[in-house]
Amino acid sequence: MESSSARSGGSTRREATRQKLYEAAVTLIAEQGFSATTVDEIAERAGVAKGTVYYNFASKSVLFEELLRHGVGLLTASLKEAAEQTARAGGSKVDALDAMVRAGLVFIDRYPAFTQLYVAELWRTNRAWQSTLMVVRQEAVAVVEGVLREGVAAGEFSDEIDVQLTAAALVGMVLVAALDWKSFQPERSLDDVHAALSRLLQGRVSGRV
């Protein structure tokens with residue numbers, strides 16, 4: 001049997017390879033679309049053999065489905081960490097939501113091509129990975145829902161808030177505002193965009209003006 005260190009090294013190398021394939025796939029698909037992107041192109045962009053793609057993923061569709069899981073998983077983790085850090089610092093639930101808004105912007109700033117793909121796929125209903133996309137989307141939205149419910153329970157937010165819809169609206173606000181920022185207002189800083197969304201959040205969710 002392999003030693004634990006050997007297994008660990010092999011796992012690390014495989015994860016590094018998969019990361020290269022994710023990055024190559026998201027860039028190519030964002031540039032030319034899923035259907036027009038071939039496995040050969042993904043392999044060439046990633047700097048690996050075509051067989052390596054199939055060793056890691058059964059097909060191009062599986063690769064894309066796993067790419068969605070991976071990307072939205074990173075976003076969900078960053079939202080959770082932002083909320084947890086705020087709680088550890090003794091911040092309010094509004095502060096936690098604001099921290100998650102910033103975390104979302106940081107994620108989108110780092111992965112703009114993935115964000116563009118993710119938003120585009122949300123509008124398509126005929127994809128093989130649609131059910132997977134809905135599951136991972138809900139995982140991200142659920143983090144925001146949790147903070148909203150805690151805020152309602154603590155009396156920070158009105159109990160008339162529609163938690164499910166408000167959470168989805170906050171996530172959508174960040175996605176759309178960030179895409180507009182990247183596409184049409186790239187001269188603005190992340191801090192500037194965050195400040196604008198923060199003012200909106202403070203006024204509408206917390207009830208402050």
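How do the residues of the lining of the largest cavity divide into nonpolar, polar and charged? In this predicted model, local features need pLDDT of at least 70 and side-chain atom pairs count only at pLDDT 80 or more, while totals for chains, interfaces and linings use all residues. Residues are numbered from 1 along each chain as its sequence is written, and side-chain values use heavy atoms, with hydrogens and water left out.

The lining comprises 12 nonpolar residues, one polar and no charged; Ala, Val, Leu, Ile, Met, Phe, Trp, Tyr, Cys and Pro count as nonpolar, Asp, Glu, Lys and Arg as charged, and the others, Gly among them, as polar. A cavity is a set of points on a 1 Å grid over the protein atoms alone where a 1.4 Å probe fits but cannot get out, and lining residues have an atom within 4 Å of a point. One cavity of 30 Å³ or more is present. Of the 13 lining residues, L79, M100, L170, V171 and V174 lie nearest the centre of the largest cavity. Helices α4 (60-88), α5 (93-110) and α8 (163-184) each contribute at least two residues to this lining, and α5 supplies the largest share, six residues. Helices are DSSP runs (H or I, at least four residues), numbered from the N terminus.

H194 is located in helix α9 (residues 190-204). This residue is buried, at a relative accessible area of 13%, where buried means under 20% with a 1.4 Å probe and protein chains only. Beyond its neighbours within four places in sequence, H194 is in contact (heavy atoms within 4.5 Å) with D98, V101, R102 and L105.

Note on methods:
1 Å grid on protein atoms, 1.4 Å probe; cavity = no way out; pocket = protein on both sides within 12 Å on 5 of 7 lines; lining within 4 Å. Points joined across faces, edges and corners; volume = space filled by probe spheres on them. Buried < 20%, exposed > 50% of the residue type's maximum accessible area, 1.4 Å probe, protein only.
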